[in-house]
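My plan is to look things up one at a time and jot down what turns up.

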Amino acid sequence: MNIMKTKILVGLLALVVLIACKKDKYNTAPTLTLKSSSGKVVASGGGMNLTFEVTDKEGDISNTLFIKKTRTNKRPPTPNQDLGRDSLTYQIPNITNTRTVLMELNLSHAQLISTSRAEPDSLTVEFWILDKALNKSNVHRIEEVVILK
């Protein structure tokens, strides 16, 4: 009977250790996860609608959203065709003590085009945020975005 009690005690101790060592699903640096997208092709007059889930251990999500566009067309634009809009920043509204938030982002056609050239733009678009403590999130990349003219 003593052996049985010892086995149960060791089993319970192992279970407590596993529960105590369970990793927290929140990190100090924010985590950006794409939940939905309107698609990778943006027609003239249209836009790209995205929903991100942002998680942060401290709940200090408010600061800045960064967007970087990299044109991937084979032919580079001439200097007078380049609109010089390869990065955008947005202030994130004040969100206090919230570990998880859904962030909706609506990018217009005008915000996404990168040249005045008549051909469609092909882009890779990257997103990341900084929290109040200036911790940088992971970079979420969407490749092969096509902006029709």
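Is Thr 55 buried or exposed? I looked up its relative accessibility, which is 11%, so Thr 55 counts as buried. The cut-offs I use are under 20% relative accessible area for buried, over 50% for exposed and partly exposed in between, with a 1.4 Å probe and protein chains only.

Ground rules, before I go on. I'm looking at a predicted model, where local features need pLDDT of at least 70, side-chain atom pairs count only at pLDDT 80 or more, and totals for chains, interfaces and linings use all residues. I number residues from 1 along each chain as its sequence is written, and side-chain values use heavy atoms, with hydrogens and water left out.

**Entry: the whole chain**

I find two helices and eight strands in the chain. Helices (H or I, at least four residues) and strands (E, at least two) are DSSP runs, numbered from the N terminus. Read from the N terminus, the order is α-β-β-β-β-β-β-α-β-β. The chain has 149 residues, and 34% of them count as buried. It exposes about 9,300 Å², with carbon and sulfur atoms supplying 58% of that; the areas come from the Shrake-Rupley method with a 1.4 Å probe, and for residues only the protein chains shown count as cover.

I also checked contacts, meaning heavy atoms within 4.5 Å. Among those between residues at least 6 apart in sequence, 74% join residues at least 24 apart.

**Entry: back to Thr 55**

I place Thr 55 in strand β3, which covers residues 47-55. Leaving aside neighbours within four places in sequence, I see Thr 55 in contact with Tyr 26, Ala 29, Pro 30, Thr 31, Arg 99 and Thr 100.

**Entry: strand pairing**

Which strands sit in the open sheet of three? I read the order as β1-β3-β6, with antiparallel pairing. Strands β1 (31-37) and β6 stand at the edges with a single partner each, so one side of each has no neighbour in the sheet. From one strand to the next, the twist averages 30°; the axes behind it are lines fitted to C-alpha atoms, for helices over the stretch in contact, and angles run from 0 to 180 degrees between N-to-C directions.

For pairing, I need DSSP to find at least two bridges between two strands. Strands β3 and β6 have nine bridges, in the antiparallel sense, and Gly 47 stands opposite Ser 108 in β6. Strands β7 and β8 are also an antiparallel pair, over six bridges, with Phe 127 opposite His 140 in β8. Strand β2 (residues 41-42) runs parallel to β8, joined by two bridges; Val 41 has Val 146 as its bridge partner there.

**Entry: the core**

Which residues have the most contacts inside the largest nonpolar core? I noted Ile 67, Leu 105, Phe 127 and Ile 129, in a core of 25 residues. Strands β3, β4 (64-71), β6 (100-108), β7 (121-130) and β8 (140-147) give two or more residues each to this core. A nonpolar core here is a set of buried Ala, Val, Leu, Ile, Met, Phe, Trp, Tyr and Cys residues joined through side-chain atoms within 4.5 Å. In soluble globular proteins, nonpolar side chains tend to be buried together.

I followed up Ile 129: not counting residues up to four places away in sequence, its contacts include Pro 30, Val 54, Leu 65, Ile 92 and Met 103.

**Entry: aromatic pairs**

How many aromatic pairs are there? I get two, using rings of Phe, Tyr and Trp (its six-membered ring) with centres within 6.5 Å; planes under 30 degrees apart count as stacked, over 60 as edge-to-face and the rest as tilted.

- Phe 52 and Phe 127 have ring centres 5.1 Å apart and planes at 55°, so I log the pair as tilted. With Phe 52 in β3 and Phe 127 in β7, the pair ties together parts 75 residues apart in sequence. Phe 52 is buried at 0%, and Phe 127 is buried at 0%.
- Phe 66 and Trp 128 have centres 5.6 Å apart and planes at 10°, so this pair is stacked. Phe 66 lies in β4 and Trp 128 in β7, so parts 62 residues apart in sequence are tied together. At 22%, Phe 66 is partly exposed, whereas Trp 128 is buried at 18%.
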